[in-house]
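Please go through this structure from single residues up to whole chains. The report below follows that order.

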Amino acid sequence: MPTVSVKRDLLFQALGRTYTDEEFDELCFEFGLELDEITSEKEIISKEQGNVKAAGASDVVLYKIDVPANRYDLLCLEGLVRGLQVFKERIKAPVYKRVMPDGKIQKLIITEETAKIRPFAVAAVLRNIKFTKDRYDSFIELQEKLHQNICRKRALVAIGTHDLDTLSGPFTYTAKRPSDIKFKPLNKTKEYTACELMNIYKTDNHLKHYLHIIENKPLYPVIYDSNGVVLSMPPIINGDHSRITVNTRNIFIECTGTDFTKAKIVLDIIVTMFSEYCENQFTVEAAEVVFPNGKSHTFPELAYRKEMVRADLINKKVGIRETPENLAKLLTRMYLKSEVIGDGNQIEIEIPPTRADIIHACDIVEDAAIAYGYNNIQMTLPKTYTIANQFPLNKLTELLRHDMAAAGFTEALTFALCSQEDIADKLGVDISATKAVHISNPKTAEFQVARTTLLPGLLKTIAANRKMPLPLKLFEISDIVIKDSNTGAKNYRHLCAVYYNKNPGFEIIHGLLDRIMQLLDVPPGEDKGGYVIKASEGPAFFPGRCAEIFARGQSVGKLGVLHPDVITKFELTMPCSSLEINVGPFL
Amino acid sequence: MADGQVAELLLRRLEASDGGLDSAELAAELGMEHQAVVGAVKSLQALGEVIEAELRSTKHWELTAEGEEIAREGSHEARVFRSIPPEGLAQSELMVDSMEDEVQRRLQLVRGGQAEKLGEKERSELRKRKLLAEVTLKTYWVSKGSAFSTSISKQETELSPEMISSGSWRDRPFKPYNFLAHGVLPDSGHLHPLLKVRSQFRQIFLEMGFTEMPTDNFIESSFWNFDALFQPQQHPARDQHDTFFLRDPAEALQLPMDYVQRVKRTHSQGGYGSQGYKYNWKLDEARKNLLRTHTTSASARALYRLAQKKPFTPVKYFSIDRVFRNETLDATHLAEFHQIEGVVADHGLTLGHLMGVLREFFTKLGITQLRFKPAYNPYTEPSMEVFSYHQGLKKWVEVGNSGVFRPEMLLPMGLPENVSVIAWGLSLERPTMIKYGINNIRELVGHKVNLQMVYDSPLCRLDAEPRPPPTQEAA
């Protein structure tokens, strides 16, 4: 969930009233936001870097507000205020207009070289904008929030904003060999080639995260103006030449990306949020984008879409009984201008360009419910009549684990993920023989594979509890995972028990097996689906002290005294016997 | 002399005495260690009312080892003096004519029990020289008890089969039990606290008529884990940083291709009343195997199976099992945890129904104060986070997440249009940590568990609040 940080006093000023922290928290809760933290720049710095560094930092109160991940229109102060003011019916939702310029329309021409790397671009112009320091900061911060969220860390969309008065169109969006791109980037004093820049930014804490998006491509995306000035090299960095400042009046915005839909949404969000500060409020100057196929489109789209939803559908989905008029009013408070039409049961809802999250009637139903107030909805019980069943494997597991504890063994709960070493080297087996599934992106060795046996987890539990009085008697009934040629991978429910004492206690583990078989109603002997154990061997067991368990006509597991090498590798010092069976055959 | 003999002697002396006797005096008279008399007093006390013994402490002065030596052989000064021959040193003749050994005299007084004849100053001087020490003596003033008798018989410790058969238990006194001592804990195995809580949650769902879904597949395809839930392929949860993907087997072998096509269309073009996400949906991405990040993948499979059965029958489903996240680990987050999930599918379910079911469910957990916050989940709409008021923390805390599954998830499965599916989920670890007062999740889950904690953990009774400790005012 993205967190938006706003200055409290600025927020209250824009809302036209003040709130206590509790009141504002309550308002957020009702609207689906969360007042996550009340802090200040000073407090943040002092927490992260100590009091010394924090000296002199601002102690203006900041509200950190958690915003739902699909509400891009609430990612800045301007949007939050607009959303809350409409919700509280203090203002009407503004109507965003795209206008044609008095003079020539700004053009962005996309060349075909971009197709293989970053094929889409959209653009717009904010004319006669008036920034203040706070507005300017919010403008920059919104771009950062969008980059981190909907833009997927600039992989899907990257935004560039430029002082239009320093440039001259038409603009060209193309892709070139890195060595052929040379410009002075933001915050640098001289020109570099793209190759040099990529090297420099390897150590830049902010930019290094985006390099991988284009790093290994033969051509890098780049935007020029008609004089060959570089606007930006998306998605990495803008040129210094067209940088915007608090005094910039006319802004050219370009969004490039690999996802056309998202590029359009991002552009719509930026211009709807900041056209508030344009001389003609909430109007955006169109720009023309010419695609490689010669077709041209005008942006921003700022599309208003109409949806029809029946009032009784909303009532039925939420569990309320409101008149269509009231429902329309509720929706209007959620920035969805609505009116009753037709037979008096139809509600026509206008989806503004800021609400890209509304893609289905269910999204409209939710907004009606939010405006109604979740906590005002009458709770009722559905009349759904059902008979409950347990999953047979879990039912058997529940029964078994209680009797395992009654037999004097204590239940462990170990991780399903572990290192290759745990299931292979330490048990004297080669990893290729384990049929384990392998994880491709483990952050540490603890998560290399899914366990193929419960034994390592129990031995590690003993190792962590060596101070406990002996004997230690542990068991676990849980799933292991084995690669399977049919389905890819399959879980098996295993039961494992270990006995750890000054003597190996094979007879105790053997006795436990007898008890388990008694509980499962499996008689001793090979006939009539009974069970027997037969001398066997295994790398984890001491030679001559291992037996294979056969029950109901199949091999179900092994028991025996662990090999001293195994005991040592798990950092244990006492003899130990163990038993592990597959529970599945006993269902 | 054995304990019993001393006790008998004591009783006889006590019978003859006038009112009582002092343990130390008796020891001196009998010429035995005081400790032996004290032992006899204690064993008689244990018999009940035979004697009464009052503890008294007296202070007296005793000689140290060096003091004893001086009392016996004279002070060091005196000994030096005496060792000088008559013809001696000229200086000594000058300085000392004769000498009285004052130190020895004083120490002898103390030895004779007449320390009180010395002044405070004299005593403290000797003490500083480490020749004297003040000793506290604890003695008993013993007097006859209400059941005084000079004949005592040995107390029996335990009832024996012979006593029962012979009836001798009737005449024998029995040693009283010390009820303050701890008993011997039974030798037993123990269930793991987290799994005890799991049992209770299963029980609650079963009481509410919910059927358990199969969840025995940790490995899942991206398709069932994300795509089937209408979670777009660029969603951050599908990032390498959040999800464990598999290297081997890297791809799912079997997917229901008809259904896959419907899912693809819904994502990329919309349909079923939806705008869709309008992006290039890729089968390769859906085939990628992973460790399931939620049990909702199992719910999706269960609902898909339900959709294939005609006609539709309403269901209530639940599951509790492990899920995996490639997250940064801390005191409350592990790479694997247990998710609890409840699902109801029926015609005409409402948000009010969801809240009603949640109220019943949480009431069974002993949580009655609930409130609901609008939230965002990719696969539910409407969505609501469930908060409960925490008495200890004096604030509202999130206890679960819930919502109505999106039509874009349900309709491609083939479920009828007027069927709604409400669902909620929470983690098993969090309520368990709160229940058992555990701050570090590693002490609860995994091999670093503290077995003593497992041994000592009480029953899990979710609806019975532990009784608060009595306050000072109440006591």
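## A:Phe87 and its surroundings

Which residues does A:Phe87 touch, leaving aside its neighbours within four places in sequence? A:Phe87 is in contact with A:Leu27, A:Glu30, A:Phe31, A:Arg333, A:Met334 and A:Ala371, once those neighbours are set aside. This is a predicted model.

A:Phe87 sits in helix 5 of chain A, which covers residues 77-87. Is A:Phe87 buried or exposed? Its relative accessible area is 1%. The cut-off for buried is under 20%, so A:Phe87 counts as buried.

## Nonpolar cores

The largest nonpolar core has 171 residues. Six residues have the most contacts inside this core: A:Phe24, A:Leu126, A:Leu146, A:Phe274, B:Phe201 and B:Phe361. Which helix gives the largest share of this core? Helix 8 of chain A does, with nine residues. That helix spans residues 260-274.

Another core lies apart from the largest one and has 36 residues. Among them are A:Ile359, B:Trp224, B:Ala228 and B:Tyr277.

Residues up to four places away in sequence are not counted here. A:Phe24 then touches A:Leu11, A:Phe12, A:Leu15, A:Tyr19, A:Leu35, A:Tyr63, A:Ile65 and A:Leu84.

## B:Asn225

B:Asn225 belongs to helix 11 of chain B, residues 222-225. Its relative accessibility is 0%, so B:Asn225 counts as buried.

What does B:Asn225 contact beyond its neighbours within four places in sequence? The partners of B:Asn225 are B:Glu220, B:Leu290, B:Arg292, B:Thr293, B:His294 and B:Ser297.

## Chain A overall

The secondary structure of chain A comes to 16 helices and 29 strands. Its radius of gyration is 33 Å, whereas the globule rule gives 25 Å for 587 residues. Chain A is therefore more spread out than a compact globule. Along the principal axes, the C-alpha trace of chain A spans about 95 × 65 × 55 Å.

Of the 587 residues in chain A, 55% are buried. Take the contacts in chain A between residues at least 6 apart in sequence: 68% of them join residues at least 24 apart. The accessible surface of chain A is about 25500 Å², and 49% of it belongs to carbon and sulfur atoms. Chain A carries 72 positive and 75 negative side chains. The centres of the two sets in chain A lie 2 Å apart.

## Chain B overall

Chain B has 18 helices and 13 strands. How does the radius of gyration of chain B stand beside that of a compact globule of 475 residues? Chain B has 43 Å, while such a globule would have a value near 23 Å. The C-alpha trace of chain B spans about 130 × 80 × 45 Å along its principal axes.

Buried residues make up 50% of the 475 in chain B. Among contacts in chain B with a separation of 6 or more, 70% are between residues 24 or more positions apart. The accessible surface of chain B comes to about 24100 Å². Carbon and sulfur atoms account for 51% of that surface. On the charge side, chain B has 57 positive and 63 negative side chains. The centres of these two sets in chain B are 9 Å apart.

Methods: Residues are numbered from 1 along each chain as its sequence is written. Chains are lettered from A and ligands numbered from 1 in the order in which they are written. Side-chain values use heavy atoms; hydrogens and water are left out. A nonpolar core is a set of buried Ala, Val, Leu, Ile, Met, Phe, Trp, Tyr and Cys residues joined through side-chain atoms within 4.5 Å. Buried means under 20% relative accessible area, exposed over 50%, partly exposed in between (1.4 Å probe, protein chains only). Helices (H or I, at least four residues) and strands (E, at least two) are DSSP runs, numbered from the N terminus. Contact means heavy atoms within 4.5 Å. The radius of gyration is taken over C-alpha atoms; the globule rule is 2.2 Å times the number of residues to the power 0.38. Accessible areas come from the Shrake-Rupley method with a 1.4 Å probe; for residues, only the protein chains shown count as cover. Lys and Arg count as positive and Asp and Glu as negative; His and the chain ends are not counted. The place of a charge is taken as NZ of Lys, CZ of Arg, CG of Asp or CD of Glu.
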